[in-house]
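Trainee: I would like to learn how to read a model of this kind with some care. Could we take it feature by feature, with the general idea ahead of each case?

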Amino acid sequence: ELPKWRGGPSHNYPSSPGDGRSRTAFTFYVRNDGVASCSPERADEIKRSEQFLESLPEVTYRVIKIFPWGAKKERLLKLTSRGVENVRATQVSSVHSYSSIRSVEMKDLDVLVIHYDGEHDYTYKTPVAMQVVQDIKSRLDVDRNTVKKKLTYDIALKYQEKVRRETLLAEKDEGEEGVQYVTGSYQLPTQRSKRAGKLASILGSTEQQRIEVAVDGILLDSTSKEGKAISEFIRNFGVLAKNPATAATNVRQFVDGLRDYVLANRGPVLAKLQVEADEDVSRPDQLSIANVVESCLEKSILVPLEKKIMACLLQTTQVHDQTIDKQIRLLRHQGQDYFGIVPENQSEDQWSSSILELDFMQKEDTPIAKLSCLLATARSIYNTVNFNRRRKKVALGFLGADDFLPIFIYVVAHSHLDMMETLSEYLYAVCDPSQLNGEGGFYLTVFNSALQFIKGMDTSNLKIPEESEEVSLLSQSFRTSPREGRRRLDFYSSI
């Protein structure tokens, strides 16, 4: 449930005594594209997000459900405000919330697969499979953004409470001198040309979605050269798996070759869909067709093969995964001082926003999306540190590696990712080399360094506290759904 805005006289306090200006808004940024705020406007924004998801019209698709054993049955697939419903005749046989969806992907031009947490995959066949996937992904984006907004709202609310108490104490101790504090906010401006906006309103999709649909249509077409190559490669992966040490590298080489082929032979056609390219070519947020093609290739090749590639890597990483998991069970109960985080950099909310960002790696299905989670985690750490420094009147400055790494290790140790060593090796092997040469590659190296540090930490004197049933349920819920874990965490914290 959305935390209620507790505004009123007790929260309308002046920024300094006697200046007559009241502060009901308390904001700071914890991501490069969002604001942590407990202002009434922010609360309304969260409500609007929830209402938007609830107000989306119910959409029903007539589909053929393909069972794991090969049987096929007619079904209705309904997208509602509650989630995804599987309807048999007139009876709803299953309902899955959007937060329980790990990913959704195209398996063929007319076949889609929905991956749920803790349950078998649901495969459907329909001529409008692409439309179904786009619709589900749009609703997933709204749901996940709302979860993050709720978390940052709660963080800001707690900070405001603390600042209010500090301000009142300072006024009592210092009389008319008072203590001023600084808040900051950041909003990433959205830039869209009129031409792009008009085309989106006509076609009902963004520029990126239009290019994705075009590329998916090529890659999933069993009659195209690209589609035939992908089908044959996936079908013959067992040959590569006979040499587990090189299987992942060979997959990446195939993706690179096919991407270059698509850009060389399909690039001019795809460029016509890039309506903003002639507006301002110097814009830093200019959409890259190469990146869209890379993302589509990852969905078409790497997602179907992910488990098989992981199985190859596990032959050498499983022991390391077990060591890390054992260490983390001990480290998760330690405070920030134990990790060497200096007092001026410590987070009063225990880096919950950063941990949530990292946990979302488990929800993403493509390597490029998983790297984005690492970047979001790093940005959240930097922004939280800067805010804390403003509050404590500590000079802002560059957060060096010696200060950043202990924080990142703390976040990793308190996250709920599975098979971290295998995940790290998987990303190194299958990520786009151009991504690894940039910011994403840097923070992947930091992630790997954190894992190596955790493996080598001396935890011989640490013991795992006896867990109550509620704590065990909380840990399990975070592994299946960060949203459910956060809900239970709030509940148990209030007891």
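Trainee: Which residues are buried in α12?

Mentor: A residue counts as buried when its relative accessible area is under 20%, as exposed when it is over 50%, and as partly exposed in between, with a 1.4 Å probe and protein chains only. Helices (H or I, at least four residues) and strands (E, at least two) are DSSP runs, numbered from the N terminus. In α12, the buried residues are Met420, Glu421, Thr422, Leu423, Ser424, Tyr426, Leu427 and Val430. Because eight of its eleven residues are buried, α12 is largely enclosed by the rest of the structure.

Trainee: What covers the buried residues of α12?

Mentor: The cover includes α7 (244–271), α8 (289–331), α10 (367–391), α11 (401–413), α13 (433–436) and α14 (439–456); contact here means heavy atoms within 4.5 Å.

Trainee: Before going further, what should I know about the source of the coordinates and the numbering?

Mentor: This is a predicted model, in which local features need pLDDT of at least 70 and side-chain atom pairs count only at pLDDT 80 or more, while totals for chains, interfaces and linings use all residues. Residues are numbered from 1 along each chain as its sequence is written, and side-chain values use heavy atoms, with hydrogens and water left out.

Trainee: What is the mean pLDDT of the chain, and which elements have the lowest and the highest mean?

Mentor: The pLDDT is the predictor's confidence in each residue, from 0 to 100. The chain has a mean pLDDT of 75, and 70% of its residues reach 70 or more. Where pLDDT is low, the predicted coordinates should not be read in detail.

Trainee: How many helices and strands are there in the chain?

Mentor: The chain has 16 helices and eleven strands, and buried residues make up 48% of its 495 residues. Of the contacts in the chain with a separation of 6 or more, 67% are between residues 24 or more positions apart.

Trainee: How many aromatic pairs are there?

Mentor: Rings of Phe, Tyr and Trp (its six-membered ring) pair if their centres lie within 6.5 Å; planes under 30 degrees apart count as stacked, over 60 as edge-to-face and the rest as tilted. By this rule the count is ten. One of these pairs is that of Tyr382 and Phe404, which is stacked, with 5.0 Å centre to centre and 20° between the planes. This pair links distant parts of the chain, since Tyr382 is in helix α10 and Phe404 in helix α11, 22 residues apart. Tyr382 is partly exposed at 22% relative accessibility, whereas Phe404 is buried at 5%.

Trainee: Which residues do ring pairs link into a cluster?

Mentor: The cluster holds Tyr382, Phe404, Phe408, Phe442 and Tyr443.

Trainee: Where does Asp135 lie, and which residues does it touch?

Mentor: Asp135 lies in helix α2 (residues 129–174) and counts as buried at 17% relative accessibility. Not counting residues up to four places away in sequence, Asp135 touches Val59, Tyr61 and Leu79.

Trainee: What is the phi of Ala89, and what is that of Trp351?

Mentor: Most residues other than glycine have a negative phi. Ala89, although not a glycine, has a positive phi of about 60°, and Trp351 likewise has a positive value, near 60°. Ala89 lies in the loop between β7 (84–88) and β8 (91–96), and is exposed at 64% relative accessibility. Trp351 is in the loop between α8 and α9 (352–359), and is buried, with a relative accessible area of 1%.
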